[in-house]
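Hi there,

Here is the structure I promised to pass on.

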Amino acid sequence: MALLDNLMERLRNHPKRIVFPEGGDPRILQAARQFAKNKLGVPILLGDRSEIKAKAAQLDINLEHIRIIEPERSDEMELFVKKFQGLRRFAGLGGKDAEDFLKNNNYFATMMLATGQASALVSGATMAASSALRPLLQIIPLQDGVDTMSSVQVLDLEDSTLGVGGALFLADCAVLPQPNEKQLADVGLTAAGICYHITNARPRVAMLAFTSKSKTSKLAPIQRMKAATELCREKAKLMMFDLDVDGELQVDAALNPHVAETKGIVSSVAGHANVLVFPSLNAANISLKMIQAIARCRSYGPILTGLTKPAAEISRGASAHDIFGTAVMVGAQAIDQKLLHPMA
């Protein structure tokens, strides 16, 4: 909770506008109320105005300082259509077809993000991940030096000895099913960038596997994590991004100094990792869901990484508090865009 409190204080000094494409969802309404109540900025809800107001009244939610936009009736539609047609991916698209795209709340919200009318975006509460991610991939550019979008989940743990005072960053839990070594290196770098931006702490990135520093295994998953470790290290050096990265490491050796010592692993990361990079989406998502079910810790995200604008694609199972915390995270990212990625 200390992490969220610190970020909220930062946001009070630099309030931001967060757009929610699923404005009528009860959890979104509750999260938006908390965001406005804490004076962190202005939540922007997309959807049918009368339906949102009716749902808010039913839930006894005050909509003061919360903005509601109906994309189809927005004064910005004409401008957005022109800008949308100017995107390389949609070059040659007719005005009516462009408008049809932008009547979709996800596309309209992403254009708000792209044009600076929103500081950050939080979507995914009621839709499949592909629907939430597609507009972002099509409209928001990738950061320089990054070839793919991925994600990071932020755990806010009671044990302050883990991660950065209890803040632990898990990647990639939402986007890349079977990343190769180059993609894993990008996952590590961009997750480390979020860690640094949010906590101001030196990132210590552990590339995870089912072995630790194996000298004999020639299995492809192990060799992939070894190669990803070297690529991440080399790329960080080229970018002049000051971080520590080590692998391959088992998760206990990455987090527990005693285990790392017992296994004879000596590095600045072993036993002290604050960023965990999983070898696959399968491993990452299963681990995340198990931690959430067993430890019952606060979890925020997934925060999308590799993009030039702050955005999150939340789980359909997220609670109102999870959504609020995620909005705080991406809002804090928007305070200083130069820190969104070490290359900036």
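D172 sits in the loop between β6 (167-171) and α8 (181-199); helices (H or I, at least four residues) and strands (E, at least two) are DSSP runs, numbered from the N terminus. A cis peptide bond links A171 to D172, with omega about -10 degrees. Another cis bond runs from G301 to P302, where omega is near 0 degrees, and P302 belongs to strand β10.

Before you go further: this is a predicted model, in which local features need pLDDT of at least 70, side-chain atom pairs count only at pLDDT 80 or more, and totals for chains, interfaces and linings use all residues. Residues are numbered from 1 along each chain as its sequence is written, and side-chain values use heavy atoms, leaving out hydrogens and water.

Most residues other than glycine have a negative phi. K39, however, has a positive phi near 60 degrees; K39 is in the loop between α2 (26-37) and β2 (41-46). With 65% relative accessibility, K39 counts as exposed (buried means under 20% relative accessible area, exposed over 50%, partly exposed in between; 1.4 Å probe, protein chains only). K213 also has a positive phi, near 55 degrees, and lies in the loop between β7 (204-208) and α9 (220-239). K213 is partly exposed, at 34%.

K309 is in the loop between β10 (298-305) and β11 (311-313), and is partly exposed at 25%.

Happy browsing!
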